[in-house]
Amino acid sequence: MILPTLEATPGTRRHTRRVIYELAESIRERDQVTYDHCRRVAIYVNRLARFMGWPRAAARELALAGLVHDLGKTWVHNEVLLKPAALSQSEREMIEKHPVTAAQLLWAFDMPDTILDAVLCHHERWDGRGYPKGLSGEAIPLGARLLSVADVFDVITTPRPYKAAMSVEAARERIREGAGTAFDTGVVEAFTQMLDEQPAFLLWAQARAFDEATHDPWAAHDSGE
Ligand SMILES: [Fe+2]
């Protein structure tokens, strides 16, 4: 696979949203669990970006990246994607292609570079031990650093075929432990502060308030700001 190197041509925001929502719908048709995960991550990352002072438009664009960040998993066989046990080396390699697959699709649809970069790099780690490129520190696009914390928070706090859900408090601790190794310390500080200042039940309430009909991750709670 070739990593995208050309500049994506930014379409209008409306065009971008339409394409992302169609791609999100393709995730839902393929695997509801992955879709629900993407939906919650979109909400969390939008809130986190706003909490960190991002302008609303930039936070929304990052939410769109969250909505399709695991799009590449729809190209992985069901036996691997839904396997309720540990993966073999070759199966893990198949799964680990998903950020590149998604970035290639987004590139083909002329999605903005900011969305493409966040999706491509959401499994990079601050210490350089992530994938697909092994980027480290500030070489990882900022949006991807936010996405990675929101992604892991949701994975920890929701059940999977191979593990039970952990509490928000346990997830908070795990994310704190990853500051400076898996995650950007500044992003971890902002995220934990957001959890402290905004009771966790609000996050869950907002996840449920997501507009299923339009895939819109912010309509239910971002108006009037
Ligand atoms: Fe992922």
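Reader: Which kind of peptide bond joins Y131 and P132?

Author: The general idea is that most residues other than glycine have a negative phi, and most peptide bonds are trans. Here, the bond between Y131 and P132 is cis, with omega about 10°. Another backbone detail belongs to D110, a residue other than glycine whose phi is positive, near 60°. D110 is found in the loop between α6 and α7. With 16 other C-beta atoms within 10 Å, D110 is partly exposed. On that scale, 20 or more other C-beta atoms within 10 Å make a residue buried, 12 or fewer make it exposed, and anything in between is partly exposed; C-beta atoms are placed from the backbone.

Reader: What is the mean pLDDT of the protein?

Author: pLDDT is the predictor's confidence in each residue, from 0 to 100. Its mean over the protein is 86, and 84% of the residues reach 70 or more. Residues 1-9 stay under 50, and the model gives them 16 contacts beyond four places in sequence. For residues 220-225 the pLDDT is also below 50, with 7 contacts beyond near neighbours in sequence. A contact means that the C-beta atoms of two residues, placed from the backbone, lie within 7 Å. Where pLDDT is low, the predicted coordinates should not be read in detail.

Reader: How many helices and strands does the protein have?

Author: The protein has 11 helices and 0 strands. Of its 225 residues, 39% count as buried. Among contacts with a separation of 6 or more, 65% join residues 24 or more positions apart.

Reader: Which residues have the most contacts inside the largest nonpolar core?

Author: In soluble globular proteins, nonpolar side chains tend to be buried together. A nonpolar core is a set of buried Ala, Val, Leu, Ile, Met, Phe, Trp, Tyr and Cys residues joined through C-beta atoms within 7 Å. The largest one in this model has 49 residues, and V45, V68, V119, L146, V149 and A150 have the most contacts inside it. Helices that each supply at least two of its residues include α2 (32-51), α3 (56-67) and α8 (142-157). α2 gives the largest share, 9 residues. Beyond four places in sequence, V45 touches L62, A63, G66, L146, L147 and A150.

Reader: Is α3 mostly covered or mostly uncovered?

Author: Mostly covered: 9 of the 12 residues of α3 are buried. Those buried residues pack against α1, α2, α7 and α8. L62 and A49 are 13 residues apart along the chain, and their C-alpha atoms are separated by 8.0 Å.

Reader: Why is α8 largely enclosed by the rest of the structure?

Author: Because 14 of its 16 residues are buried, α8 is largely enclosed by the rest of the structure. L147, in α8, is buried, with 29 other C-beta atoms within 10 Å. L147 and G66 lie 81 residues apart in sequence, yet 6.6 Å apart C-alpha to C-alpha.

Reader: At roughly what angle do the axes of α2 and α10 cross?

Author: Two packed helices are described by the angle between their axes and the distance between the axes. Axes are lines fitted to C-alpha atoms, for helices over the stretch in contact, and angles run from 0 to 180 degrees between N-to-C directions. The axes of α2 and α10 come within 10 Å and cross at roughly 100°. The two helices are therefore roughly perpendicular (65 to 115 degrees; under 35 is roughly parallel, over 145 roughly antiparallel and the rest oblique). R47, L48 and F51 of α2 make this contact with A190, F191 and M194 of α10.

Definitions and conventions. Residues are numbered from 1 along each chain as its sequence is written. This is a predicted model: local features need pLDDT of at least 70, side-chain atom pairs count only at pLDDT 80 or more; totals for chains, interfaces and linings use all residues. Helices (H or I, at least four residues) and strands (E, at least two) are DSSP runs, numbered from the N terminus.
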